[in-house]
Amino acid sequence: MQTHQHKAWSRRGVLVFFVALSGCYGPLQIPKITPEICVENPANPPQKIWQSKLPSPPKDILILNEQKALITTFRGELFLLNIATGKRCSRFWTPFRKPVQILLCDQRQGEIVVSGINDPKVYRYDLCAGRVLLETRLPGLDGTMLADEGGLFAVQNLRTLLKLTPLTFKVLAKLELPTNVAAGVFAFQGQPALLTADGHWRVYDKNLTLVQDLNLALNPYPVVGFYSDHLVIADSKGSILILNGEGIKYRRVLDKAIYATPILDADNLLIACADGEVISINWRNDKIDWRWQGAGPVGRELRICNDVVLVPYTRGKIVAIERHNGAFRWEITTDRALRGWAVSRQGILTTDRDKRVAYWKW
Amino acid sequence: MARYRTHIIITALVLLVCHCVHAQFYFGRNKVQYEHFNWQVLSTEHFNIYYYPEEYALANAALNYCEEFLQELEQKFNQVIYQPIPLVIYSNHIHFQQTNILTMPIPEGIAGFFEYIKRRVVIPYNGNMTDFRHTLKHELVHVFFYYKVNSAASDIGAWESPNFPLWFTEGLAEYWSQGWDPQTELIVRDAILHDYLYPLNSYELYETGFLLYKEGQAFLRFFEERYTADRLRWLMENFWRYDSFEKALKGVTGKTLLELESEWRVSLKKRFAVHLLGEEVIEPDGTQLTRYGANVSPVVFTNQNGQKEVAFLTSRNGYTDIYRTGLLSRKEKPLLRAERRAGRESLHFLQSGIHINRGGDLIFVTKSGARDVLRIVNLATKREIGSLECPSVVSIRSPKWSEDGNLVVFAGQDYSGQTDLYIWRVVESQALRLTNDIYFDSDPSFSPDGKLVVFCSDRGRREVGSGTDLCLMNLQSGEILRLTNGPGSFTRPFWAPNQPDQIFCLADLSGTPNLWKVNLPHADSPAAGIVATAQPLTNLHTGLQDFYPVSGDTILVSAFRKYAFQVHRLNLAEKAHPASALTFSVVKPDSAWRLPSGEQLFSKRSRPYRLKYSLDFAQTNIVHDPIFGFLGGAQLGISDLLGNRYYHFLLANTAQATSEIMDHFNLAVTMVDLTRRANKAVGVFHFANDYYNPYEGFYYERALGLRGGLSYPIDVFRRLEFSASLWHSTKDYYYGKFRRATLLSNYASFVHDNSIWTYTGPLDGWSLRLTAGPTFDFKHSRFYNYTALGDLRLYFRLHRNLTWAQRWIAWFNEGTDIYQFYIGGSWGMRGYDIREIYGCKYVMFNQELRFPFAESLMLRFVESDIRLSPIRGAVFFDVGNAWDDAFPGLLGSFGFGLRGVLFGGLVLRLDIGKCTDFETIQKSWFVQFFFGWDY
């Protein structure tokens, strides 16, 4: 009886969340993460509320609402967590035992579309009912999908651009690319665009015809951030680019590798380098506002919470520095190397190398 | 005691008990624990450095360098290490060879290793901080690579570790630790010039050893330059997506390995063609004085007939020997053999050299037990006339006589790891230390008047690892001056004969080491401020290892050609000297690099080492035997981090029914202690099983007892072994008889082994094992049985690749409960079935002529190839027999055979011949096929 009650509560919670956020969005959307979050009190370090261990290594965290977070793992699992207590509300085991990626969320219906890397199929899940709605053969889907009125755009086996039907995932068109895809697919001026491993920015129309090919002279696997109409790209040789529909708006080369997606904070560009340095550049006048040196690489995106910038160091620290002058504010330490993290208005969720999930409340 | 049985699990136990006590290996060289180190641990957040107090400064420097490399490699790999890395440091290679982390003897060519099970890095210091930093970083690249690829694999729950080829892992470690270097340039240039660059996935490349590292390094440089390091990282992170390395490589580049290799070869040819246009190539013409193997350190002497000859170090036989040849014509003959007996365990090939004074006294360095010894041998009498063993000096390199033959200058490495210069006054037999600092001082040479010593040192450079210079020391004042000042490295200085103002040396300014000459004004009293000029004398495309100036224009060089060093005689007068010359202002070597202390950079703490055990292996076995049914068991091995102490546990049960469980319970615990020179093992055991013995039939036996073993290595080649077992045994024969006994057995052995091996078996040297021991029955106060064994194996090297092998073996058992030997088969009496000749005593004499037959045999299949390489032939003659009571007369067999090596280690044996009883010869030919090495 207790179990049934728990499940019912869990489903209601998910439904409430999806309905709450559905708004004017279409049914299938890319799970988006907002870099800037407004929290109540970021002046002091958050306190660890709970810590639990997952049965398999966590891959990504997606905070769904104030109550729930979705965690994907490298071994084919999806966990729905109660953020306040750390209890697992539901566990979905995908039919493949491969790293899972959430391609799309249907916020209205409480559905997700997932694929496993190297797995031949794509699955559409009903989170509330806990069942597979659609199972279709579409091998090698990888990376970010684009969903718009024209259909779904996805990359297959790193080398093929696909156009799919939104609900059934039928292939409408396909295009073999000259080289591997490094990042994409993005919506760029209403058209699908992607970054290829030869450093080119390629924009296609809805029929997959190439409409723009821009050689950005980047290393093969850059990190890409998409902020309203601006695209921010950085690579392992330290090249930083800001791009919009008019072309390249800003370019600078730092002599250090960048593995974390930079953040565009109005006129400021926040960059976390592999050597642990965080740099704030006013890209309008190309001046460095401030620098802050931390220890070890930064492998995940920064987050801005009110007036602090949170930097997730892979060695297992989250450091808060002042947004406007780079002064050290506070830090929290995970027991092991940090793998993933997500920030919400209520707190921070972290996962580490030891399969542990922890919740830190502001 | 033991009997014929089918219990695989019990056999596994016996192997386990024997595993780490060297005493228990049948043959094999010894790892001798000459020193007992007082281990300490220096810890930071990322490293645990294991060191002994004498090398604290080195450990501290290593810690600082490691922290520096860690930050760099974290960025390079985009990976963090989430456990402290254990790093074991030895202050010199002789100490390193005593490590128990690897149980096998460690050759001199190994500069350090990363052990994957406990993720330990073990590194010796060779006195050169540049090399030390390179090795540290090389091993740390392995650590990062391990974490990078295994993290990705373990995340997805992969059953096996990603299988990257060795050329990739070692090439990456080389390239990401030192980039490009003159040694790699020399080897790769030579490989391109002489067209022996092996395909990266070929078996031949794996057989070359060091070339695999260098080809991997060269390929990865090309790959990173053309395809960027991002693709290498992506390959490591995403290897699990693919079935093989080749598919992963194609996934990341879109090209096959073959296509990439083709691009790489073209790029290398283009790169080197530019150099080749203006450089010389050394040819195997009349000036080449050596032919086989690698030959270095040439030195000229006058023989008893007054003719000039050249002595040199050579590795042509597998051992390092000193050979001689004519100065004007090639007549290579052995001069002094080494590495076959205690006291002359190693001549430190490619690390040290030899020198001969005017009186014909040869000086050389040999490893002798716990340290190196300088030895002088008079070439006329071939007798050792002097030796020097300094208690404070562990390693010695590059001794050189003074012109008058009274002094010897050499580089010595002390217990703390420092390499400094020493002078040995031969008559007084005294050694005097000339320098005493952290800088790497090497290859000293006296000036003609004996007042100055020129040597190579990194003491003048501002940064460690930026190269070495020539330095001068005034022996009267002790003042040191720096002659050269980069770029590149100046090494191996040698004062020109009878020309006090000229010093020859090697310099790598052209990319590979070439011969240079430094002109030194005011050579009688050089002072700071004078200007020295340096001019290249050779412009060779590949390069030189070392040289010896015979006269003003004639120089002997050891030049690299076709992946070997050969001694050539160069006439400099015939050479067009490259015009470029450098000038250097002679200065005092101030403001040089310092050892880092890192006190402010990170917190560290030191504590004594404590034994903490962790798992080495754990496995379970379930087997089925047609007579004894299903048998199951598990074994477990644990050891401490330094590998000094091992515990082995065995648990097995052979019961066939629930009621039999307690009657078939097997348990054994063995502790092996390798801390000291005498290796010890003690254990308790309880075995209860059904057995079969041809003398007694089927029976059940329960044995409960203690076992102890001790192995004392006299030196690297010889050891004494003792073992004792005390156990209570109850036997229940199936036909009703019952026996109860308390038995004590003792065995003593003497073992000698200095043999060297090729792929199929021993090639040279000799091995001997003598074992004897009785067993007593305490309960009945009677003698129970005895065993005596003599096994002598002689390998006569008739030619470089031709060996005549002999095995003389006699083994006797007598008494109750004894072995029965079966001597037929491919490893014993060939041509006979394994059970055809048996008894509790046997004698056997085998003779075999071993010769090379073919380079390789390739069997091509659709999916893959199978290659046997090399294939060796043998002509054999076996004589022997086994018996119980009366000697039945000798049996024999003769014939020929082939041995092929599969997958680099598995030897397939084919023997064809005829048997004889020495009265008649079998009419038909026998054909035997089996696996295993030659005796």
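## Strands and hairpins

Two strands pair if DSSP finds at least two bridges between them; strands are DSSP runs of E with at least two residues, helices are runs of H or I with at least four, and both are numbered from the N terminus. This is a predicted model, in which local features need pLDDT of at least 70, side-chain atom pairs count only at pLDDT 80 or more, and totals for chains, interfaces and linings use all residues. Residues are numbered from 1 along each chain as its sequence is written, chains are lettered from A and ligands numbered from 1 in the order in which they are written, and side-chain values use heavy atoms, leaving out hydrogens and water.

Four residues lie between the strands in the hairpin of S39(B) and S40(B), where Gly761(B) has a positive phi near 160°.

S40(B) also pairs with strand S41 (residues 782–799) of chain B, antiparallel and through 13 bridges. Gly773(B) faces Thr787(B) in S41(B). In the hairpin of S40(B) and S41(B), the residue with a positive phi, near 50°, is Ser781(B).

## Aromatic pairs

Now for the rings. Rings of Phe, Tyr and Trp (its six-membered ring) pair if their centres lie within 6.5 Å; planes under 30 degrees apart count as stacked, over 60 as edge-to-face and the rest as tilted. Over all chains, a search of the whole structure finds 80 aromatic pairs. In one of them, the rings of Phe114(B) and Tyr146(B) have centres 5.9 Å apart and planes at 75°, so the pair is edge-to-face. Phe114(B) lies in strand S4 (residues 113–115) of chain B and Tyr146(B) in helix H4 (residues 129–155) of chain B, so the pair ties together parts 32 residues apart in sequence. Both Phe114(B) and Tyr146(B) are buried, meaning under 20% relative accessible area, with exposed over 50% and partly exposed in between (1.4 Å probe, protein chains only).

Phe876(B) and Phe926(B) make a tilted pair, 6.4 Å centre to centre with 40° between the planes. Phe876(B) is buried at a relative accessible area of 3%, and Phe926(B) is buried at 7%.
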